[in-house]
Amino acid sequence: MCPNSCLEKEKNQQTHCCSCYAQPIWNCSPKWPYRRVEIEYVYRRGRGMAVYDPHDLGQNISKLVHTRGFLTQIPGNLCQISDLVEVDLSWNKIMTLENINCMERLDTLILRNNLVTYLSNLTLLGMTELRILDLSDNVLTVIEPNTISDPSLGMLHIIFKDNSLTSVDITNVVIDTPFCKADFSNNAVKELVNDIGWIVDTAKDYGDGGFVDLSHNDFVSFPNFENLGFSDLRELGKVFKFGFDFTNANFTCDCKMQPFLELSKDIIKKIWRSYFNVICAGPPSLKGQSIVNLVNQGRLDEFTCEIERQDRCPLGCLCFHQPSQNRLVVNCSNTSRTSLPKTLPSAPAGQLLDLDFGINHITQFKTAEYLNQTIAFNMNNNDLSFISDKSLRQSTDIQRLWFRNNSKIRNVPKSLETLHPCNVSFGVLYLKCHCQILWMGRWANSPKAALCPANNNFFCITEDGQVLPSSVWTKKALECPNEVNWTAIGIAIALAVSSLMLGCIAWLLYQYQYEIYLLIRRDNQKDTISGNSYFKYDVYISFNENNPQLYSWVRNKLEPWLNARGYSLCLPCRDFALGSPRSDAILEHLQMSKKFLFIVDDDFLADEDVSIWSLQEWRHAWHIFKAETLRNIAVVNYDQMRVKNIDQRQIKAFWRLGLVVDFSNRKGRIFEEIMERLKLEIFTREKDDKMAKGSPWVDVVSLMGPYITNIPRCSTPNQKFRPESLEYNPTYPRSPYPSQLRWVDTPKLTFNSTKFNPPRSVEIYPSEFIKVDVT
């Protein structure tokens with residue numbers, strides 16, 4: 001019975017309030033009379049049986065209350081009391097839970113202060129009426145997965161506090177059905193585990209706002225949600241309505257916690273609950289501080305994870321992950337190093353290295369593998385005298401490369417020209433005046449360098465001691481010779497002409513590289529459906545799903561036409577798993593598709609919301625098309641687009657070569673042209689006759705396509721259909737070979753006038769070749 005106070009709440013909260021604060025009708029005033037069930041001990045070691053007055057027939061419910069006894073097990077005859085609704089056996093010595101799921105009407109089971117150590121996921125199975133389970137103050141060490149989350153259960157109050165649990169399975173925390181509270185407080189829980197590999201179902205709602213109390217436990221690290229079945233932290237939104245209490249948890253405020261707090265910071269700023277006020281147990285710099293306050297103060301940069309020596313952090317250096325900045329920091333400043341290390345810790349996916357080797361005695365800046373993964377490199381205040389050419393070529397992605405206060409540098413490789421002047425800083429650098437440094441003057445005084453004038457101030461010293469800034473470096477100022485070398489000029493002219501011709505050829509090859517490649521690929525042999533299990537789909541179709549006319553044509557015209565010819569299609573709007581990251585789904589489904597069809601309308605490349613995915617589909621499809629010769633691409637010009645409207649060079653190549661299918665095809669052959677472009681086989685009667693004469697086996701898919709009526713086609717591969725009857729053309733030769741078909745129970749098959757009644761009928765898959773014995 002729902003309390004009246006719940007009716008005062010908002011409508012969306014009334015159901016939850018009623019469920020959690022309701023009382024059974026027999027507890028409401030005036031209280032119902034009930035039959036008292038007693039315990040009669042039959043064995044001095046604590047075995048007993050339930051007894052009651054058999055003449056007390058006026059009541060329709062029974063209750064067993066036997067506390068502070070010495071029962072060691074639950075009486076086995078409780079199942080015989082069909083109207084038992086409440087059992088309270090607190091303060092006994094019960095060690096195991098058996099023979100209780102037969103009590104179908106049981107509403108409340110209280111077993112406080114007993115000796116239960118283990119709870120199986122079969123113990124409560126089928127107890128659909130059980131609302132309250134209290135096993136507090138026992139010695140529970142193990143609760144099996146799915147013990148309290150089976151769909152047959154509907155428990156609202158589940159109490160396991162004051163036990164000896166060291167771990168809790170995620171399936172007993174993220175509960176499918178609505179519940180009020182699951183209390184695991186005051187145990188010794190160190191971690192949440194996922195023993196059966198549970199994965200969150202993004203199409204399902206969980207818990208309906210239940211509260212999970214995990215306070216006063218021994219947690220030492222923040223949960224790893226990826227290991228707990230949440231591959232993407234955004235999937236935690238499925239349990240956002242839950243309340244979680246981690247009070248007194250010994251969480252280390254580190255990089256494992258930062259991504260979760262980053263997603264939650266806007267929510268934490270808007271709402272406050274006392275159980276959010278978790279205190280950091282480490283590191284020392286954050287110990288004792290409230291996580292909520294740290295989030296509100298914008299201090300997520302301080303949530304880092306140190307990297308130890310065994311993970312390749314150099315001796316004497318400080319290494320740590322900093323997810324908020326997407327970087328891995330290696331600070332080796334002022335460590336008396338004389339050279340750069342050969343290896344460094346590997347940065348996690350999405351992070352780059354931030355390296356500090358300043359204030360050391362390093363003499364050479366050489367190439368290293370980690371330069372390609374570095375975003376910042378500090379080499380200030382060293383003894384550098386040598387910078388390798390290859391090291392600067394590897395540093396093109398570094399945004400801050402500092403060489404300040406390295407007075408021994410006398411030579412800089414010309415590969416410095418490949419770097420942006422604002423990404424490199426030499427500070428003040430003195431060189432010897434000679435003609436080979438002219439390029440440095442141009443680089444240090446280029447328009448790009450004007451954006452950061454203090455980065456590179458180069459000077460050179462002449463033989464007479466004069467100091468020249470890079471802004472005045474000219475051939476005259478540096479006394480560079482102007483001798484005319486006609487042989488060199490002739491060679492230069494010849495090289496220039498040759499270079500010009502080669503450049504023109506190279507430009508033409510570059511400008512029309514995709515057209516040339518498409519012409520080479522046009523002669524590829526046609527490929528029929530092979531039934532290869534690697535391919536799940538025959539054709540992947542990319543189109544603007546926001547165009548209602550185009551969407552209708554694809555679903556109602558193109559798809560049925562190709563399905564009728566035995567080809568299966570992949571439509572992203574239909575076949576992608578709900579909730580999956582679209583970028584991952586695109587690559588996965590393209591790999592499983594044999595051919596690719598792109599239907600280009602006005603918004604396909606122009607609209608930002610459409611093109612972001614269509615261009616990603618095109619890039620992946622083109623890569624697969626180039627790598628595998630049996631794959632093919634076809635393009636349909638849906639909105640009469642012209643070449644000048646297309647910027648994507650690979651797509652433009654199809655227009656230039658006339659390889660697009662014109663949607664305004666006046667011959668009415670648009671479907672046939674699509675199949676020709678995709679190099680899909682169009683089965684004909686003539687081809688079927690040749691196939692039949694060449695082999696005693698008949699290809700059912702190609703044979704039945706034009707001749708068998710009333711066969712439901714499938715829009716996805718490997719989907720069975722069971723025809724009521726099949727008509728067979730008797731002109732085909734009969735096979736001398738025995739049948740190799742598999743059968744299941746369905747109606748009889750008819751071949752012209754000859755009937756036979758097998759006990760089972762054939763399973764037919766549109767994407768496979770099936771051999772049929774027609775004798």
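A residue counts as buried under 20% relative accessible area, as exposed over 50%, and as partly exposed in between. Keep that in mind as you explore this predicted model.

Start by selecting Cys435. With a relative accessible area of 27%, Cys435 is partly exposed. Cys435 sits in the loop between strand 24 and helix 5, and Cys480 in the loop between strand 26 and helix 6, so the bond ties together parts 45 residues apart in sequence.

The whole structure holds 11 disulfides. For another, go to Cys6 and Cys17, joined with an S to S distance of 1.9 Å. Cys6 lies in the segment before helix 1, while Cys17 is in helix 1. Then select Cys313 and Cys319: both are buried, and their link is right-handed, with 85° about the S-S bond.

Next stop, Cys573. The closest cysteine sulfur, in Cys570, is 9.2 Å away, too far for a bond.

Now move to Ile170, in the loop between strand 10 and strand 11. Ile170 is buried, with a relative accessible area of 4%. Beyond its neighbours within four places in sequence, Ile170 is in contact with Val193, Asn194, Trp198 and Leu228.

Finish at helix 7, residues 513–521, and highlight its buried residues: Tyr514, Glu515, Leu518 and Arg521. They cover an arc of only 125° around the axis, so they lie on the same side of helix 7.

How values were computed
Residues are numbered from 1 along each chain as its sequence is written. This is a predicted model: local features need pLDDT of at least 70, side-chain atom pairs count only at pLDDT 80 or more; totals for chains, interfaces and linings use all residues. Side-chain values use heavy atoms; hydrogens and water are left out. Helices (H or I, at least four residues) and strands (E, at least two) are DSSP runs, numbered from the N terminus. Buried means under 20% relative accessible area, exposed over 50%, partly exposed in between (1.4 Å probe, protein chains only). Contact means heavy atoms within 4.5 Å. The arc is that of the directions from the helix axis to the C-beta atoms. A disulfide is a pair of cysteine sulfur atoms within 2.5 Å.
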